[in-house]
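Please report on the fold and packing of the model below. Cover sheets, helices, cores and selected residues.

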Amino acid sequence: MPKSTAFSKECVQSVEGWILDLYPKEDGMVIWIKTEKGDTTRLVDRWRYSIYVSGNHSDLIDLAKQIATDGVALEEKYVRPEDSDKSTVLRIPVSNSREAQELAEKILVYGGYRRFRLYNVDVKPSQIYLYEKDIFPFAFVHATQRSDGLEWRLLDSQEEVEYRTPPLKELTLEVKVASTRIPKFTDEIREININLGSESIRIDSGDELDKLMTLVKLIQQLDPDIIYTSNGDEFLFPHLARRAVQNEFSEKLVIGRERSPLRVSGEKGTSYVSYGQAHYRPLPARLLGRIHIDMENSLLYCDCGLQGLIEVARICRIPVQRVSNTTIGTSMTSAQLYHAVRNDILIPWVKADPEDLKTARELLIADRGGFYHEPKVGIHDRVGELDFTSLYPMLMLKKNLSAETVRCKCCPDSAERVPELDYNICEKRKGIVPKSIELLLKKRTKYKELEGRTSDPSLRLLYEKRRAALKWILVCAFGYLGFKNARFGKIDAHIATCAFARQTLLKATRLAEERGFELVHGIVDSLWLKKKGATENDFIELRDEICRETELPISFEGVYRWIVFLPSETRRNLPVLTRYYGVFMDGRIKARGVATRRHDTPEVVRKCIEEMLKVLAKGEDSSDFYNRVPESIDVLKKYVRALKSRRIGPDDLFIERHLSREVYEYRHEVLQAIAAKQLVREKVEVRAGQSISFIIINSENRFSKNRVLAAELVDERTSYDVDRYLELLFSSAATILAPFGYTASDLKRATNLL
């Protein structure tokens, strides 16, 4: 069985393998290497993390005397990415992130909050280490342990798309508690299950202490590299830690590779707002030397799997553990921070770069967002779709759009100008943002090519997962460009990107119209076009011409047999830009903005609408579509009968909604607040940003606090409000049939409910 080993700090030894995990300890940075034979080796580098201080030279000398610690020194760095010359700053080594934060706050107080500015304070030491050493997670490396630290030789490349990954041992951990209702931290452990490939191990004998002891022994014997859990951050590991305390076993509850026991943390998870929506991230459970993936709380893992996590970790230089349990923006930012560190640019602790002042006319022109062309509500035959590939990131790269390059002070007369606004763009330097996304764009394109060429389904899935992970990062890169707290973002760069995008779509539209195409719909980076008698080759030729003229990649998604653009639910003559559905010539269905795509749609409604769309998709054109409408209504009737006869199970009735605020902040009894309060009464901690699932049991009394029942409280005796679910069903069905004169009332009549 593979063993975990550690080198003596004084001996000189070498190892080759993949960087599995890394984290700071008192004696430096700990790195775990996974070898080709499957062994794991623990290395320690005597490296210290540093923060930086800028200010008046004499003030820095005075500060250095006050700190009086080893390693404090004056260095030359760029304090702003747009600076042409380096500035003298004070470097102060620290032991860990907490010490960095505490020292930085003391320095601010000492300087009266005016004399000093702090840098590199809140960047994770593990990331800074990767930047400085120019290595990355899951890179294949040769490491030599010497008396004064580690010497690295990189045997891998970030640009590689056919890279190897180490032989990983993975297991899934599940804990069942002795509770008939909602699991609580006070509930005793009833059973522990470990799944390792085809092997399953059940720990259900002995008392609770015996179970914990057996778990620790098995983890040590199996020595997994990755442990998967469902809700492990929020419940499973905190529960194990609390039960260990109860059984006086807390010092021996070692799940990671370090002899560091799993602790009960007093810290809470984090609620935050992104793009106007509240989110909640539980405090991650860190298993030092191993990777813990909470399958329920890792957005990137749910969408892109382990291979997606590894791809992001490699290209953004951020440990896989952090990739799995933090925001996508954090990973994307790491790629930018790497380029800053490698170019001697300091990372501000508190960003203080305000937006440039604008006149009212400038604001009117600038704040226009992306391109859009409203479609005509209804069904359209033989419409082709063209989509620019990563349009906004591509423009950011090609036009050199970054906080320090748009409206730079060094190139006021530059030839490259922002459309409509005439902002200058720097000609002397390449921005940090373009540098950070160049490789992401290159690799995403390569993965798409490989995906299309391979006939191996497993390889195709691998390329698809990696490409999807990069797409998430690229989408986030544009959003952060305009985020006020982004380290290297600025609203002027965001505005410039939108202006170039509008110009690009207008140029593409003009080229299409010159070839006789009619623009049916256009939004952000996509165009829907039609032309009488046009073949797929006509669309492909148009695509190629647009690509040549704009010098940007654009893909031809296909020709729809028909496509339906849907109206607003309140104003039936107005289209909704992102609400449509259609079927391509090859039978693929594409739907946006309908019940099948909404996260709060109960499964019974989702299944009904999906089945209705499949029936409509049999139509070869608009005339045939109309002939299929009665058949689609028959599908609706089937689900109506199932609801009325109560043949629908709870799993198909749950509605999931986000808490936009803390439970006690809700002034009105909205459904998710009612369900959340039910959980609170059961001693369950509920936070803003969490998703709450519930079943509607009685919606008649709008003031009742028992209109819904939280999913955790549902049992075999739970009934549901048939009429309310029928309303949801009719409303969703009416949405897709609205252009053809159907309302919810019409559908009720058609199903004999009126």
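Helix 15 lies across strand 22 (554-567), strand 23 (575-584) and strand 24, and it runs at about 135 degrees to strand 24. The model is predicted: local features need pLDDT of at least 70, side-chain atom pairs count only at pLDDT 80 or more, and totals for chains, interfaces and linings use all residues. Residues are numbered from 1 along each chain as its sequence is written, and side-chain values use heavy atoms, with hydrogens and water left out.

Some terms first. Helices (H or I, at least four residues) and strands (E, at least two) are DSSP runs, numbered from the N terminus. Axes are lines fitted to C-alpha atoms, for helices over the stretch in contact, and angles run from 0 to 180 degrees between N-to-C directions. Contact means heavy atoms within 4.5 Å.

The sheet under discussion is open and has seven strands, in the order 18-20-21-19-22-23-24, with antiparallel pairing. Strand 18 (372-373) and strand 24 (589-592) stand at its edges, each with a single partner strand, so one side of each has no neighbour in the sheet. Two strands pair if DSSP finds at least two bridges between them. Strand 20 (residues 518-523) and strand 21 (residues 526-530) are antiparallel and share five bridges. In this pair, glycine 522 stands opposite leucine 527 of strand 21.

Valine 615 is found in helix 15 (residues 603-616). Valine 615 is buried (under 20% relative accessible area; exposed is over 50%, partly exposed in between, with a 1.4 Å probe and protein chains only). Its relative accessible area is 8%. Leaving aside neighbours within four places in sequence, valine 615 is in contact with Arg628, Glu631, Ser632 and Val635. The C-alpha atoms of valine 615 and glutamate 631 are separated by 7.0 Å, at 16 residues apart along the chain.

Aspartate 624 lies in helix 16 (residues 622-644). Its side chain reaches the backbone nitrogen of glutamate 620 at 3.1 Å. Not counting residues up to four places away in sequence, aspartate 624 touches Lys618 and Gly619.

Another open sheet has four strands in the order 6-7-5-8, and the pairing is antiparallel. Its edges are strand 6 (73-77) and strand 8 (116-119); each has a single partner strand, so one side of each is left without a neighbour in the sheet. Neighbouring strands of this sheet are turned by 40 degrees against each other on average, direction ignored. Helix 1 (residues 57-67) packs on the sheet and touches strand 5, strand 6, strand 7 (87-94) and strand 8. The direction of helix 1 makes about 15 degrees with that of strand 7.

Strand 5 (residues 49-55) and strand 8 run antiparallel, joined by four bridges. Here glycine 55 stands opposite phenylalanine 116 in strand 8.

## The hairpin of strands 3 and 4

Strand 3 (residues 28-34) pairs with strand 4 in the antiparallel sense, over six bridges. Lysine 34 stands opposite threonine 40 in strand 4. The two strands form a hairpin with five residues between them, and glycine 38 in the turn has a positive phi of about 100 degrees.

Strand 4 (residues 40-45) is mostly covered: six of its six residues are buried. Thr40, Arg42 and Val44 point one way from strand 4, while Thr41, Leu43 and Asp45 point the other way.

## Cores

A nonpolar core is a set of buried Ala, Val, Leu, Ile, Met, Phe, Trp, Tyr and Cys residues joined through side-chain atoms within 4.5 Å. The largest has 80 residues; Ile293, Phe388, Leu391, Met396, Val418, Leu529 and Ile546 have the most contacts inside it. Helix 13 (residues 491-514) gives the most to this core, with eleven residues. Apart from this core lies another, of 63 residues, including Tyr639, Val686, Val708 and Ala710.

Valine 418 is in contact with Tyr423, Ile425, Ala496, Ala499 and Phe500, leaving aside its neighbours within four places in sequence.

## Cysteines and buried residues

The structure holds zero disulfides, where a disulfide is a pair of cysteine sulfur atoms within 2.5 Å. Cysteine 411 is in no disulfide; the nearest cysteine sulfur, that of cysteine 410, is 3.6 Å away.

| Buried residue | Relative accessible area |
|---|---|
| Cysteine 411 | 5% |
| Cysteine 608 | 0% |
| Aspartate 624 | 18% |

Key. A polar contact is a pair of N or O atoms within 3.5 Å; within protein, one must be able to donate a hydrogen and the other to accept it, and residues adjacent in sequence count only if both atoms are side-chain atoms.
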